[in-house]
Amino acid sequence: MDMTVSFAGLTLDNPIMTASGTFGYGVEYMRFGDLERLGALVVKGLSLAPRRGNPMPRIAETPAGMLNAIGLQNIGAREFVEKRLPSLPWSRTPVIANLYACAAEEFGDLAAYLAEQPGVAALEVNISCPNVSEGGILFGQDPRLAARVTEAVKRRAGAKPVMVKLTPNVTDIADMARAVQDAGADALSLINTLSGMAVDARTRRPRLANVIGGLSGPAIKPVALRCVWQVCRAVSIPVIGIGGIASAEDVLEFILVGATAVQVGTANFIRPDLAFRLVDELPALCAALGVDSWDTYRGSLKA
Amino acid sequence: MFANACQDVTVRRLTRLGAGGAQGDFFELALDFPGAGDTAWARWRPGQFVMIRPESFGLDPLMGRPFSIARADEEHGVCVCFQVVGRGTAKLAALEPGDRVAMWGPLGNAFAARPGAPTLLLAGGIGIAPFLEYVKRHSSAADLRLVFGHRPPLDCYPFAEMAALAACEAHRETCPEDLHAFIALLGEVIPQYCPDGLILACGPLPFLRTVGRLAGEAGGRAQLSLENRMACGIGACLGCVTEHKEHGPLSVCARGPVFWSDEITL
Ligand SMILES: Cc1cc2nc3c(=O)[nH]c(=O)nc-3n(C[C@H](O)[C@H](O)[C@H](O)COP(=O)(O)OP(=O)(O)OC[C@H]3O[C@@H](n4cnc5c(N)ncnc54)[C@H](O)[C@@H]3O)c2cc1C
Ligand SMILES: Cc1cc2nc3c(=O)[nH]c(=O)nc-3n(C[C@H](O)[C@H](O)[C@H](O)COP(=O)(O)O)c2cc1C
Ligand code: FES
C-alpha cells in the first residue's frame with residue numbers, strides 16, 4: 001500500500017517521525033540508519049540562547065518507561081541551524097524544529113528565525129514550559145496562554161506549518177486542543193511526558209535532582225491513546241500521536257484512534273535503529289491486517 | 001554499503017569469574033564479533049564501550065546497559081566483564097549461548113596511549129575491564145604499571161591474564177584500614193607519573209575523585225573513565241552529562257567516557 005501521508009502542507013514518505021529530545025539533532029543516529037527513510041525528523045527542543053539544562057541525575061528508569069528532567073539542554077537555534085542542519089537530508093526528509101521559550105514574544109522571535117531557514121520544514125511548539133511572566137504556570141495548562149503562544153508563533157512563521165505539542169498534564173486535553181486550533185495551529189502533536197517522580201526508600205533521596213520529571217515510554221501508551229482519541233474527536237486539524245510507541249502495531253493503534261502520523265520517542269533508546277525498523281516493518285503489518293489505505297484506516301476504531 | 005552500528009548478535013559464552021555467592025557475581029560475556037569487514041570494530045580502542053540489551057529484557061528493564069569493551073576480535077568475540085548489581089545485570093547473568101542480544105558500538109572515545117611514556121593504570125573493582133586489552137596492546141611499547149584495588153577475591157576479575165603481561169599489583173580491601181592504605185599508596189605512586197607520565201583510571205566515582213585530586217596536587221592530571229547512568233549511549237538524550245569546565249555539560253557517552261581530570265568537575 002502507499003505509505004505516504006500528507007498534512008498541513010507536508011508530505012511524508014511514511015507516518016513515522018522521531019520525537020523531540022529522543023533523537024538528538026538527528027546526526028547522532030546516522031550510524032544506525034538512513035535518515036532519509038524516516039517520514040520526518042523532529043529534533044531536540046531549541047531555544048533562542050543555548051541552555052545548560054538541569055543538574056544530574058537527570059534520568060531514572062521506571063517499569064517499562066523512564067523519567068527525565070533534562071531541562072531542555074540545547075545548543076541554541078543558531079548553532080543548530082549553522083552546525084547541524086546542513087548535515088541532515090532536509091531536502092528529502094522534512095526536518096521539524098521543536099521550539100522552547102519562556103515568553104510568548106520569545107516564542108515569536110524563535111519562530112521567525114527558524115521559519116526562514118530553508119532546511120526547516122515545519123515548527124513544533126513545545127508549550128509544556130513555564131510562563132515566567134505569569135508565575136510559572138505552564139503555557140500548555142491554560143487554554144488562554146496556549147492560544148496566545150500559538151498566535152505569536154503563527155504570526156511570525158510565514159508559510160511554514162505550525163504544530164503545537166500538547167501536554168497530558170491537564171484536566172481536559174480536548175479543551176486545550178480546541179483553544180490551540182482556534183488560535184490558528186495547523187496541526188497538533190501529543191502527548192508530551194506525564195509529570196511524575198521516583199524516590200529511593202533506602203537513601204530517602206529523589207532519583208532525579210529536579211525531584212519531578214517527565215514519564216515516557218511504553219508505560220504511558222494507554223494514556224497517550226486516550227488523549228489522541230479524545231483530541232481527534234474534538235478538532236478538525238491533523239493530530240500526530242506520540243507516547244510509548246515501540247512497535248509497528250503501536251503505530252497502527254494510534255492511526256486507528258485518529259492520528260495522521262506518529263512520533264517515536266523513548267523507544268529510540270531501546271535500540272537506536274528502532275525507528276528505522278518500524279519503517280521497514282509497517283508495510284508488512286498493514287498487509288497482514290488488511291489495511292490498504294490510510295484514509296480508510298485512520299480513525300476507524302469501532303467504538 | 002551502510003553498516004548499522006547496532007546489531008543483533010548471539011551469545012557465544014557466559015563464564016562465571018570467581019566463586020560467586022556472598023562474594024558477588026562476576027561474569028565474562030562473549031558475544032558474536034560483528035566486525036568482519038566492519039571498520040568501526042576493526043578500529044576499536046580500549047576505553048570504548050558497548051550498549052548491550054538482551055531480547056530477554058522485553059520492555060522492562062527498558063534501556064540497554066553500558067559496558068567497557070574488555071576485548072573484541074574474531075577469536076574471542078566481543079567480551080565484557082560485569083558484576084551483577086541490579087535487574088539488568090541479573091538478566092545478563094541468566095543468558096545462554098545462542099540467546100539474542102542487541103548491541104551497539106563501539107561507542108565513546110578511548111584512553112590515550114603514548115608509546116614510550118611511563119603509563120600508570122589505576123583500576124577500582126570491575127573498572128579493571130577496559131585495561132585488559134590496554135595492557136595487551138601497549139605492554140611492549142610502554143613502561144606500564146597497573147595498580148588494582150578490589151574487595152571481592154581477585155579471581156572475580158580478569159587480573160591473572162594481565163599480570164602475565166605487565167607489572168600489575170592488586171590490593172584487596174577487607175576493612176577501612178585497607179582503604180586508607182590504598183589511598184596512601186595512590187598518594188605515593190601518582191606523583192611519580194606527574195607531570196610527564198600518563199595516568200589512566202577507571203572505577204567507582206570516589207576512587208576517580210581521589211585519583212584526579214592526587215594528580216592535580218602533584219602538578220599533573222589523569223584520564224578518568226566515568227560511569228554515569230545512560231539511556232541512549234549515543235549522545236542523543238543528554239541524560240548522562242558531566243560538567244566540563246570549558247564546554248558546560250557534555251554527554252559522557254559521546255564526548256567521553258574518558259575525560260582529563262582537570263577539565264571536568266566531578
Ligand atoms: C561507559 C561505562 C562502562 C561501564 N563498564 C562496565 C563494566 O565493564 N563492567 C561492569 O560491571 N559495569 C560497567 N558499567 C556499569 C554498568 O553499566 C552498570 O553496573 C549497569 O548498567 C547496572 O545495570 P543494572 O540493571 O544491573 O542495575 P540497576 O538495577 O539499574 O541498578 C542497580 C543499582 O546500581 C546502581 N547503578 C547502576 N548503574 C550505575 C551507574 N552507572 N553508576 C552508578 N550507580 C549505578 C543503581 O543506582 C542501583 O542502586 C559501565 C558503565 C558505563 C557508563
Ligand atoms: C529524554 C527526553 C527528552 C525530551 N525532550 C523533549 C524536548 O526537548 N521537547 C519536547 O517537545 N519533548 C521532549 N520530550 C518528550 C518526547 O518528545 C515525547 O513527547 C514523550 O517522551 C512521549 O513519547 P515516548 O513515550 O515515545 O517517549 C523528551 C522526552 C525524553 C524522554
Ligand atoms: S546516554 Fe543519552 S546522551 Fe549519553
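The following dialogue explains how to read several features of this predicted model.

Colleague: How are residues, chains and ligands labelled, and which parts of the predicted model are counted?

Modeller: Residues are numbered from 1 along each chain as its sequence is written, while chains are lettered from A and ligands numbered from 1 in the order in which they are written. This is a predicted model, in which local features need pLDDT of at least 70, side-chain atom pairs count only at pLDDT 80 or more, and totals for chains, interfaces and linings use all residues; side-chain values use heavy atoms, with hydrogens and water left out.

Colleague: Which residues around ligand 1 come nearest?

Modeller: A residue is near a molecule or strand if one of its heavy atoms lies within 4 Å of it. Ligand 1 has 21 such residues around it, and P66(B), G88(B), T89(B), E227(B) and R229(B) come nearest. By class, the shell holds eleven nonpolar, six polar and four charged residues. In this scheme Ala, Val, Leu, Ile, Met, Phe, Trp, Tyr, Cys and Pro count as nonpolar, Asp, Glu, Lys and Arg as charged, and the others, Gly among them, as polar.

Colleague: What polar atoms lie beside the oxygen atoms of ligand 1?

Modeller: A polar contact is a pair of N or O atoms within 3.5 Å; within protein, one must be able to donate a hydrogen and the other to accept it, and residues adjacent in sequence count only if both atoms are side-chain atoms. For ligand 1, a side-chain N or O atom of T89(B) is 2.4 Å from an oxygen atom of the ligand. A backbone N or O atom of P66(B) lies 2.6 Å from a ligand oxygen, and a polar backbone atom of R87(B) is 3.1 Å from one. The protein covers 76% of the 900 Å² of accessible area that ligand 1 has on its own. Accessible areas come from the Shrake-Rupley method with a 1.4 Å probe; for residues, only the protein chains shown count as cover.

Colleague: Which element gives the most to the shell around ligand 1?

Modeller: Helices (H or I, at least four residues) and strands (E, at least two) are DSSP runs, numbered from the N terminus. Strand 4 of chain B gives the most, with four residues.

Colleague: What surrounds ligand 2, and how much of it is buried?

Modeller: There are 23 residues around ligand 2, the closest being S20(A), K165(A), G217(A), G244(A) and T266(A). A side-chain N or O atom of K165(A) is 2.7 Å from an oxygen atom of ligand 2, and a backbone N or O atom of G244(A) also lies 2.7 Å from a ligand oxygen. Taken alone, ligand 2 exposes 610 Å², of which the protein buries 98%.

Colleague: How many residues of chain B are in contact with chain A, and what area is buried there?

Modeller: Contact means heavy atoms within 4.5 Å, and buried area is the accessible area (1.4 Å probe) that two parts lose on being put together, summed over both. Here 37 residues of chain B are in contact with 31 residues of chain A. The area buried between the two chains is about 2700 Å², and carbon and sulfur atoms give 61% of it. L62(B), I234(B) and L238(B) supply 20% of the area that chain B buries against chain A, more than any other three residues.

Colleague: How many salt bridges are there between chain B and chain A?

Modeller: A salt bridge is a side-chain nitrogen of Lys or Arg within 4 Å of a carboxyl oxygen of Asp or Glu. The count between chain B and chain A is five. One of the salt bridges joins R52(A) and E243(B), whose closest N and O atoms are 2.8 Å apart. Over all chains, the whole structure has 33 salt bridges. Among them is K221(A) with E253(A), at 2.9 Å between the closest N and O atoms. K221(A) lies in helix 5 (residues 221–234) and E253(A) in helix 6 (residues 248–256) of chain A, so this pair ties together parts that are 32 residues apart in sequence.

Colleague: Where do the peptide bonds or phi values call for attention?

Modeller: Most residues other than glycine have a negative phi, and most peptide bonds are trans. In chain B, a cis peptide bond joins C194(B) and P195(B), with omega about 0 degrees. P195(B) is in the loop between helix 5 (176–192) and strand 11 (198–202) of chain B. The bond from G256(B) to P257(B) is also cis, with omega near 10 degrees. A8(A), although not a glycine, has a positive phi of about 45 degrees.
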